[in-house]
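Open the model in your viewer and keep the sequence panel beside it. Each stop below names a selection and then says what is there.

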Amino acid sequence: MPDVFADLVGQDEAVVELRRAAAAAAAVLRAGAQALVPAAPASGDAFAADDAATGGVDPSAGMTHAWIFTGPPGSGRSIAARAFAAALQCVHGTGCGECPGCHTTMGGTHADVRMVVPEGLSIGVGEMRALVLRAASTPSGGRWQVVIIEDADRLTEAAGNALLKAIEEPPPRTVFLLCAPSTHPDDISVTIRSRCRVVPLRQPPATAVAEVLVRRDGIAPDVAQWAAAAAQGHVGRARRLARDPEARKRREAVLAVPRRLTGVGAAFDAASALIEAAEAEAEASVTEADTTERAALETALGAGGTGRGAAGAIRGAAGQLKELEKRQKSRATRAQRDALDRALVDLAGFYRDALTMALRAPVAPVHTDTAALAGAGAQKWDAEGSLRRLEAVLACRAAIEANVKPRIAVEAMMLALWKG
Ligand SMILES: [Zn+2]
């Protein structure tokens, strides 16, 4: 197994900072220090200054309790958080990738590393309180308790407050790693942000994404290059496009939208097709998990029991099944929105290509396979018309994010794309 940071594509600066912090954390453990110095409010780069003064100073200077990893989707926020967790648990160095600490963290089985992956639209206060409580316990491996919160932007306000309390008065050996698209107040509350050190990740360049697909996944170089460009820097998406024929088919269907928009009726048809494709994709991704979960719960509840007490058990069971159904519905909604958002990002890429061609900007197209079509669009619409269409797609994404019903937002977008 290579170094734990190997899969963090195109993020050299962040890796240097995280390695330095892991080394500082190890020094803290060696020195037997009791606590870290919490990040002073709004201290972005405090540690850069501290770092200049080495030897004899507080060994914890390079390390702090709470971190936020920011960056666009696919830039590797959760990969960075997990790799850093491994580096903190590494018993040989700063993420050797070979010791039990690295292995179990990367495999998701380390006893002192907890990962919160929200399945629904938000992370609730109950979940957060339980997590904070467990995070306060002494690390069983003698190093750090690490809590990774993926999509920290989906914390409910109450859950955010529970987390803030823990970050403000952190247990001595607990480290919180938050992942969010940005540090905008819509994503992370200002008070939480002020207590955390921020690690900004950038959209990795297509060449770096292609390189990792070839090296790690054994994908042919030409396919890797095409997929990396089409995925616009999203590593996971690039891998899916390179490997999954269904994902490629869905993308082709989305990119066929622009030439289908020949009238009002066609615009509504295209909207329906896009929504239904997202629903079908989401259903395929959650159905299996839903069925397994329900069967497991029914078995645990002893479905079909007829003995004494069965009636009471059934009443309790109904409540638990209802709870499960609620959770599954929330997960399905999230999966649908994610699928739709992927389609919109592809579509935005097409109009971006048209725009850059109309402007004769010297940049490579996102979708090499529809470049000719985008070129024809550029001629017909000019830069202004291309820009208006790109904006219509982005407005649709923003509207859905703001809870406008997806069908309504997509219909409005299709009409705007047709009319220009
Ligand atoms: Zn290690």
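**Stop 1: a helix across the sheet**

Select helix H1 (residues 12-31): it lies across strand S1 (66-70) and S5, and runs at about 165 degrees to S1. Helices (H or I, at least four residues) and strands (E, at least two) are DSSP runs, numbered from the N terminus. Axes are lines fitted to C-alpha atoms, for helices over the stretch in contact, with angles from 0 to 180 degrees between N-to-C directions. Contact means heavy atoms within 4.5 Å.

This is a predicted model, in which local features need pLDDT of at least 70 and side-chain atom pairs count only at pLDDT 80 or more, while totals for chains, interfaces and linings use all residues. Residues are numbered from 1 along each chain as its sequence is written, and side-chain values use heavy atoms, with hydrogens and water left out.

**Stop 2: the sheet**

Now show the open sheet of 5 strands, in the order S2-S3-S4-S1-S5 with parallel pairing. Strand S2 (113-116) and strand S5 (197-200) are the edges, each pairing on one side only. Direction ignored, neighbouring strands here are turned by 15 degrees against each other on average. Two strands pair if DSSP finds at least two bridges between them.

Zoom in on strand S3 (residues 145-149) and strand S4 (residues 174-180), which pair in the parallel sense over 5 bridges. Select isoleucine 149: leucine 178 in S4 stands opposite.

**Stop 3: the end of H6**

Pick glutamate 168 in helix H6 (residues 157-168). Glutamate 168 counts as partly exposed because its relative accessibility is 36%. The classes are buried under 20% relative accessible area, exposed over 50%, and partly exposed in between (1.4 Å probe, protein chains only).

**Stop 4: aromatic rings**

Which kind of pair do tryptophan 67 and phenylalanine 84 form? Their ring centres are 4.9 Å apart and their planes stand at 70 degrees, so the pair is edge-to-face. Tryptophan 67 sits in strand S1 and phenylalanine 84 in helix H3 (residues 77-89), 17 residues apart. Both are buried. Rings of Phe, Tyr and Trp (its six-membered ring) pair if their centres lie within 6.5 Å; planes under 30 degrees apart count as stacked, over 60 as edge-to-face and the rest as tilted.

Move to tyrosine 351 in helix H14 (residues 310-358) and tryptophan 381 in helix H15 (residues 371-401). This pair is tilted, at 5.6 Å centre to centre and 40 degrees between the planes. Tyrosine 351 is buried at 1% relative accessibility, and tryptophan 381 is buried at 16%.

**Stop 5: between H14 and H15**

Select histidine 367, in the loop between H14 and H15. Is histidine 367 buried or exposed? Its relative accessibility is 0%, so histidine 367 counts as buried. The histidine 367 side chain reaches the backbone oxygen of aspartate 346 at 2.8 Å. Leaving aside neighbours within four places in sequence, histidine 367 also has contacts that include Arg251, Phe350 and Asp353.

Finish at arginine 360, in the loop between H14 and H15. Arginine 360 has a positive phi of about 55 degrees although it is not a glycine. At 73% relative accessibility, arginine 360 counts as exposed.

Methods:
A polar contact is a pair of N or O atoms within 3.5 Å; within protein, one must be able to donate a hydrogen and the other to accept it, and residues adjacent in sequence count only if both atoms are side-chain atoms.
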